[in-house]
Amino acid sequence: MPHDFRVYGHLVGLDPDRMQACTAHLAAYECEADGNVLDFLHEGGFVDVDSDLEGLLPLLGPDARGVVDIINHQDWEMFRVTIAGGAMTRARIALDNALDTAYASERRS
């Protein structure tokens, strides 16, 4: 498998200043901004996504929300981080049925 570690993030509710700050903070990721939406991803070797997300949280405004999926193919595990109301929650997702779980819970704006 060419990519052992993957991160897929989707943030909404960012004003232009917060968008710029978040994009700069996530410089190690591929970022794509569209209006008040920021999508970011990483496919490759390990990145310290936990530290990146902890640093990202203070940059988000009160209306920002999002979902970040972290997939570790080496350990065959996946985590979903949900961001809302200025807080993050992290849940383990069974990688074998991740698509079912993702489509059942995703709400895109």
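This section describes strand pairing and salt bridges in a predicted model.

Strand 3, residues 37-44, pairs with two other strands. Strand 1, spanning residues 5-12, runs antiparallel to strand 3 and is joined to it by 8 bridges; within this pairing, V12 stands opposite V37 of strand 3. Strand 2, which covers residues 30-34, is likewise antiparallel to strand 3, with 5 bridges between them. Here C31 faces F40 of strand 3 as its opposite residue. Strands 2 and 3 form a hairpin in which 2 residues separate the strands, and G35 in the turn adopts a positive phi of about 65°.

In the whole structure, 5 salt bridges were found. One of them connects E43 and R6, whose closest N and O atoms are 3.2 Å apart. Because E43 belongs to strand 3 and R6 to strand 1, this pair ties together parts that are 37 residues apart in sequence. E43 is partly exposed, at 32% relative accessibility, whereas R6 is buried, at 16%.

A further salt bridge is formed by the side chains of D69 and R80, with an N to O distance of 2.6 Å. The two residues are 11 residues apart and link distant parts of the chain, D69 lying in strand 4 (residues 65-72) and R80 in strand 5 (residues 77-84). D69 has a relative accessible area of 14% and is therefore buried, the limit being under 20%. R80 is also buried, with a relative accessibility of 8%.

Strand 5 also contributes E77, which is 15 residues apart from R92 in strand 6 (residues 87-93). E77 and R92 form a salt bridge with their closest N and O atoms 3.1 Å apart. R92 is exposed, at 57% relative accessibility.

Terms used. Residues are numbered from 1 along each chain as its sequence is written. This is a predicted model: local features need pLDDT of at least 70, side-chain atom pairs count only at pLDDT 80 or more; totals for chains, interfaces and linings use all residues. Side-chain values use heavy atoms; hydrogens and water are left out. Two strands pair if DSSP finds at least two bridges between them. Helices (H or I, at least four residues) and strands (E, at least two) are DSSP runs, numbered from the N terminus. A salt bridge is a side-chain nitrogen of Lys or Arg within 4 Å of a carboxyl oxygen of Asp or Glu. Buried means under 20% relative accessible area, exposed over 50%, partly exposed in between (1.4 Å probe, protein chains only).
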